[in-house]
Amino acid sequence: GGTFGTALSHRFSAHGLGVRLWVHQPEIRRQIVEERENKTYLPGFKLAESLRATTDLAEALADPQVVLMVVPSHVFRSVLVRMRPHLPRPLPVISAAKGIENDSLLTMVQVMEQELDESFHGLLGCLSGPSFAKELAAEVPTAVTLATRVPSLTKRLQGILAVPRFRIYASGDVTGLELGGALKNVIAIAAGMVVGLQLGRNALAALITRGLAEMSRLTRAMGGRMKTMGGLAGIGDLVLTCTSTMSRNHTVGVRLAQGESLDDILASMTNVAEGVKTTKSVFDLSRQRGVEMPICEQVYAILYQGKPPLQGLIDLMSRELKEEFY
């Protein structure tokens, strides 16, 4: 029942799919049911009349064809555990979250593999790509990628979820798709700092390009496919998130660069900026896997060690000179 979950549910409902949207807060359910609007997370959009909202997980999970998990990564596991008794049978469960769990350093599909019975494992996947919720709700053309490890399942889910002006490409690279969606949020915070410090378009273009290089290195180290980083869930989502004020992570970076504290920024936000928590996971993963990720390291130092944003960017530019390609 957050911004993206509401937007997806509205888009699917408006094109004939039966959708039950689970919402955490009773007030949001009331808004949707009585006023056909989620004023808390997606104000200004009249939601499809057929969209059903409930605060009851058992009702939400009453014999579905597919479950979409659209909850922030830091509560993903706890919500999944609450869902588990209500899942009627093994069925596709698809993550649309873009984060990496802090303590375990697991992606959301890996969390599902831990928490769900083995009979579910071949039915798990993820949905990712450049898709701001407000544009999705406004029915503008949007393209994303869906990945599972079973080609026939991916094709079947494409057929269910691809509605007019919402194009879904297929992939078998679950790991790469999840990492692309998570890592781009960290780079977007850095991009916001570049904008907030008014360092110009040259710096922003360089940051996005070198950010993609870091994303690719970690993806390769974790068994994902390099070509996924050249697709919608990689460069596509990265460019969108790094260049738009609609991005929550980009906004965090801008405000940090303008002198606000992280605590004040997060306290003022209704929605979750996934990149803040994911930065810690990425920093730990890069150390664990021995992957060089200087941009992500500087974002970590700024968010968690109090380093001034300008000093972080100066330190990036002052690193030892290297070759671009090897």
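**Exercise 1.** Find which helices each supply at least two residues of the lining of the largest cavity.

*Solution.* Start with the terms: a cavity is a set of points on a 1 Å grid over the protein atoms alone where a 1.4 Å probe fits but cannot get out, and lining residues have an atom within 4 Å of a point. Helices (H or I, at least four residues) and strands (E, at least two) are DSSP runs, numbered from the N terminus. This is a predicted model, where local features need pLDDT of at least 70 and side-chain atom pairs count only at pLDDT 80 or more, while totals for chains, interfaces and linings use all residues. Residues are numbered from 1 along each chain as its sequence is written, and side-chain values use heavy atoms, without hydrogens and water.

Next, list the lining: Ala190, Met193, Ile295, Gln298, Val299, Ile302, Gly312, Leu313 and Leu316. The helices you want are helix 8 (174–196), helix 14 (294–304) and helix 15 (309–317). Helix 14 gives the most, with four residues.

**Exercise 2.** Sort the lining of the second largest cavity by class.

*Solution.* First, find the residues: Ala97, Lys98, Cys126, Leu127, Ser128, Leu177, Glu178, Gly181 and Ala182. Strand 5 (124–128) and helix 8 each give two or more of them, and helix 8 gives the most, with four.

Then apply the classes: Ala, Val, Leu, Ile, Met, Phe, Trp, Tyr, Cys and Pro count as nonpolar, Asp, Glu, Lys and Arg as charged, and the others, Gly among them, as polar. For the largest cavity, the lining has seven nonpolar, two polar and no charged residues.

Note on methods
On a 1 Å grid over the protein atoms alone, a cavity is a set of points where a 1.4 Å probe fits but cannot get out, and a pocket is an open set with protein on both sides within 12 Å along at least five of seven lines; lining residues have an atom within 4 Å of a point.
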